[in-house]
Amino acid sequence: PMKEHFRFAMAWWHNLCAGGTDMFGRDTADKSFGAAPGTMEHAHAKVEAGFEFMQKLGIGYFCFHDVDIVPEADDINETNRRLDEITDHMLEKMRETGIKCLWGTANMFSNPRFMNGAGSSNSADVFCFAAAQVKKALDLTVKLGGTGYVFWGGREGYESLLNTDVQFEQENIARLMKMAVEYGRSIGFIGDFFIEPKPKEPMKHQYDFDAATAIGFLRQYGLDKDFKLNIEANHATLAGHT
């Protein structure tokens with residue numbers, strides 16, 4: 001069967017969070033699941049709805065960003081407490097259903113702190129926050145038995161060369177990824193790390209513009225033994241490839 005060739009997975013963000021909004025409109029789908037969005041009650045309701053959805057469609061895996069599964073608090077310690085609480089619930093449902101975690105990742109693009117990137121940010125505070133977020137996301141991925149960890153670099157780019165040091169910023173992105181590999185291996189993560197090449201979404205000039213660029217980056221910084229690519233087909237179209 002095809003499931004032996006491809007691990008079909010439900011993306012928490014797309015299926016349980018995204019409201020069907022575009023930049024000119026507002027939500028077209030109700031994703032409240034009977035609870036007030038932005039609350040832990042809503043987070044738990046999404047767990048119940050998500051596993052019911054996966055069971056009904058016969059989906060064996062799920063993927064998640066950290067802030068897909070809980071509302072982000074003002075204090076990272078409170079966010080982490082919420083993440084511990086909700087992943088306990090997720091583990092219960094995984095044991096009940098046999099559904100598994102495919103991969104996890106940290107959302108380092110939605111919060112305004114990441115407007116100029118995470119690894120490529122010119123703020124040491126932002127870089128440190130990103131590192132702490134990746135650490136926790138790796139902890140959760142291991143807790144849930146995930147076989148992959150993804151870096152989605154949608155804001156790792158620049159708008160103008162007038163305030164950009166390309167080499168320094170790429171070195172910092174690589175530094176963050178190397179730290180992630182070292183920490184992940186130290187806590188028993190034996191899966192693959194991934195970069196998701198992504199052009200102009202949303203930064204004008206992105207460092208992981210397409211697959212060839214991302215592969216060159218991984219080889220240049222010695223990350224190619226631990227990293228693979230997480231390909232989304234439409235990104236090739238956005239990059240101008242056929």
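**View 1. Helix 5 against helix 6.** Phe127, Ala130, Ala131, Val134, Lys135, Leu138 and Asp139 of helix 5 meet Asn172, Leu176, Met179, Ala180, Tyr183 and Gly184 of helix 6. Contact means heavy atoms within 4.5 Å. This is a predicted model: local features need pLDDT of at least 70, side-chain atom pairs count only at pLDDT 80 or more, and totals for chains, interfaces and linings use all residues. Residues are numbered from 1 along each chain as its sequence is written, and side-chain values use heavy atoms, with hydrogens and water left out. By class, the contact of helix 5 with helix 6 has 9 nonpolar, 2 polar and 2 charged residues. Ala, Val, Leu, Ile, Met, Phe, Trp, Tyr, Cys and Pro count as nonpolar; Asp, Glu, Lys and Arg count as charged; the others, Gly among them, count as polar. Helix 6 spans residues 166-186. Its axis and that of helix 5 lie 10 Å apart, at an angle of about 30°. Axes are lines fitted to C-alpha atoms, for helices over the stretch in contact, and angles run from 0 to 180 degrees between N-to-C directions. Helix 5 and helix 6 are therefore roughly parallel to each other (angles under 35 degrees; over 145 is roughly antiparallel, 65 to 115 roughly perpendicular, the rest oblique).

**View 2. Helix 4 against helix 5.** Helix 4 covers residues 76-97. It packs on helix 5 at an angle of about 15°, with the axes 11 Å apart. Helix 4 and helix 5 are therefore roughly parallel to each other. Their crossing is right-handed. From helix 4, Ile76, Asn80, Leu83, Asp84, Thr87, Asp88 and Leu91 take part; from helix 5, Phe129, Ala132, Gln133, Lys136, Leu140 and Lys143. By class, this contact has 6 nonpolar, 3 polar and 4 charged residues.

View 3. Six strands pair in parallel, in the order 1-2-3-4-6-8. Helices (H or I, at least four residues) and strands (E, at least two) are DSSP runs, numbered from the N terminus. Two strands pair if DSSP finds at least two bridges between them. Strand 1 (9-11) and strand 8 (227-229) are the edges, each pairing on one side only. Neighbouring strands are turned by 30° against each other on average, direction ignored. Strand 2 (residues 61-65) and strand 3 (residues 100-105) run parallel, joined by 5 bridges. Tyrosine 61 has lysine 100 in strand 3 as its bridge partner.

**View 4. Helices on the sheet.** Helix 5 (residues 124-143) touches strand 2, strand 3, strand 4 (148-152) and strand 6 (192-196). Its direction makes about 150° with that of strand 4. Helix 7 (residues 211-220) touches strand 6 and strand 8. The direction of helix 7 makes about 175° with that of strand 8.

**View 5. Backbone exceptions in two loops.** Most residues other than glycine have a negative phi, and most peptide bonds are trans. Phenylalanine 33, not a glycine, has a positive phi of about 55°. It sits in the loop between helix 1 (12-17) and helix 2 (40-57). Lysine 200 is partly exposed at 46%. The peptide bond from glutamate 201 to proline 202 is cis, with omega near 10°. Proline 202 lies in the loop between strand 6 and strand 7 (205-206).

Definitions and conventions. A crossing is left-handed if the near helix is turned anticlockwise from the far one by less than a right angle, and right-handed if clockwise. Buried means under 20% relative accessible area, exposed over 50%, partly exposed in between (1.4 Å probe, protein chains only).
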